[in-house]
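I opened this entry to record what I looked up in the model. My notes follow in the order I took them.

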Amino acid sequence: MKKVFNHIIAITLLLFLATSCTDVLDKAAVDSFTQDAVFSDIGTAKAFLGNCYDRMGGNSSNVLGGREDLLGACTDQLLCIHRAGDNVYVKGTLSPDKLGHFGSEGRFGFLHWGGLYRNIQNVNTVIANLDKVPATTPPDIALIQRMKGEAYFIRAYDYTQLLRGYGGVVLNDKPFLLGQDFLSLTRSTIAQT
């Protein structure tokens with residue numbers, strides 16, 4: 001009887017060891033998302049587009065390029081509480097090399113070249129991948145179409161900011177890839193932009 005009991009225990013241990021071959025440490029990261037994960041759910045795709053809204057204007061740390069310094073602060077309508085007498089608009093010292101909010105200098109500039117192109121890259125990623133988002137109900141399909149329209153608007157807004165500050169710029173309507181030949185890109189004319 002003891003021999004049978006030992007065999008049962010040995011077989012149970014072998015079965016347990018044979019079925020536990022998966023690595024418990026082989027888990028997916030929960031602190032970041034892959035592109036496939038973002039566009040596998042309508043909620044995460046919407047959140048990614050919301051991040052593109054947050055980065056309109058190019059400055060990644062401020063909404064629309066400036067949290068407190070709104071465009072109205074460039075006129076006599078508003079006055080920023082932090083730099084009341086320091087703005088070039090208030091002092092009347094606006095010049096080609098000191099554009100205030102309309103330049104790329106400082107924390108609240110509206111023309112951050114790198115930030116605008118980073119946002120355009122993100123928007124191009126949204127436009128290229130929104131059709132992959134699973135949507136079966138009419139409201140979800142309508143939401144995806146609306147999100148695509150919003151993405152086109154954000155890209156147009158960012159290109160308008162680049163045009164306003166830099167003239168003709170490099171136009172791109174597809175996400176850049178790592179192995180892409182970036183030396184083949186050319187700057188567009190003002191009319192093309």
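Which hand does the crossing have where α3 passes α5? I looked, and α3 passes α5 in a left-handed crossing. A crossing is left-handed if the near helix is turned anticlockwise from the far one by less than a right angle, and right-handed if clockwise.

**Ground rules**

I note that this is a predicted model, where local features need pLDDT of at least 70, side-chain atom pairs count only at pLDDT 80 or more, and totals for chains, interfaces and linings use all residues. Residues are numbered from 1 along each chain as its sequence is written, and side-chain values use heavy atoms, with hydrogens and water left out.

**Whole chain**

I find six helices and zero strands. Along the sequence the pattern reads α-α-α-α-α-α. Helices (H or I, at least four residues) and strands (E, at least two) are DSSP runs, numbered from the N terminus.

The chain has 193 residues, and 31% of them count as buried. Buried means under 20% relative accessible area, exposed over 50%, and partly exposed in between (1.4 Å probe, protein chains only). The accessible surface comes to about 12700 Å². Carbon and sulfur atoms hold 63% of that surface. These areas come from the Shrake-Rupley method with a 1.4 Å probe; for residues, only the protein chains shown count as cover.

I also checked contacts, meaning heavy atoms within 4.5 Å. Among contacts in the chain with a separation of 6 or more, 59% join residues 24 or more positions apart.

**α3 with α5**

Back to the opening pair. I get an angle of about 155° between α3 and α5, with their axes 10 Å apart. α3 is therefore roughly antiparallel to α5. The cut-offs: angles under 35 degrees count as roughly parallel, over 145 as roughly antiparallel, 65 to 115 as roughly perpendicular and the rest as oblique. Axes are lines fitted to C-alpha atoms, for helices over the stretch in contact, and angles run from 0 to 180 degrees between N-to-C directions.

From α3, the contact uses Phe 48, Leu 49 and Cys 52. From α5, it uses Asn 119, Asn 122, Val 123 and Val 126. I sorted the residues of this contact of α3 with α5 by class: five nonpolar, two polar and no charged. Here Ala, Val, Leu, Ile, Met, Phe, Trp, Tyr, Cys and Pro count as nonpolar, Asp, Glu, Lys and Arg as charged, and the others, Gly among them, as polar.

**α3 with α6**

Next I took helix α3 (residues 42-54) against helix α6 (residues 138-166). They pack at an angle of about 20°, with their axes 11 Å apart. The two are therefore roughly parallel to each other. The crossing of α3 past α6 is left-handed. On the α3 side I list Ile 42, Ala 45, Lys 46, Leu 49, Cys 52 and Tyr 53. Their partners in α6 include Met 147, Glu 150, Ala 151 and Ile 154. The classes in the contact of α3 with α6 are 10 nonpolar, no polar and four charged.

**α5 with α6**

The axes of α5 and α6 come within 9 Å and cross at roughly 155°. That makes α5 roughly antiparallel to α6. This crossing is left-handed. In α5 the residues that meet α6 include Trp 113, Leu 116, Asn 119 and Ile 120. Those in α6 include Ala 151, Tyr 152, Ile 154 and Asp 158. By class, the contact of α5 with α6 has 13 nonpolar, three polar and two charged residues.

**Single residues**

Which residues does Leu 49 contact, leaving aside its neighbours within four places in sequence? I list Val 126, Met 147, Glu 150, Ala 151 and Ile 154. Leu 49 sits in helix α3 and is buried, with a relative accessible area of 2%. Its C-alpha atom is 6.9 Å from that of Val 126, 77 residues apart along the chain.

Is Asn 119 buried or exposed? At 0% relative accessibility, Asn 119 counts as buried. It lies in helix α5 (residues 113-129). Leaving aside neighbours within four places in sequence, Asn 119 is in contact with Cys 52, Arg 55, Met 56, Ile 154 and Asp 158.

Phe 153 lies in helix α6. I have it as partly exposed, with a relative accessible area of 46%. The C-alpha atoms of Phe 153 and Val 123 are separated by 9.6 Å.

Last, I went to Phe 182, in the segment after α6. Phe 182 is partly exposed at 41% relative accessible area. Beyond neighbours within four places in sequence, Phe 182 is in contact with Phe 176 and Leu 177.
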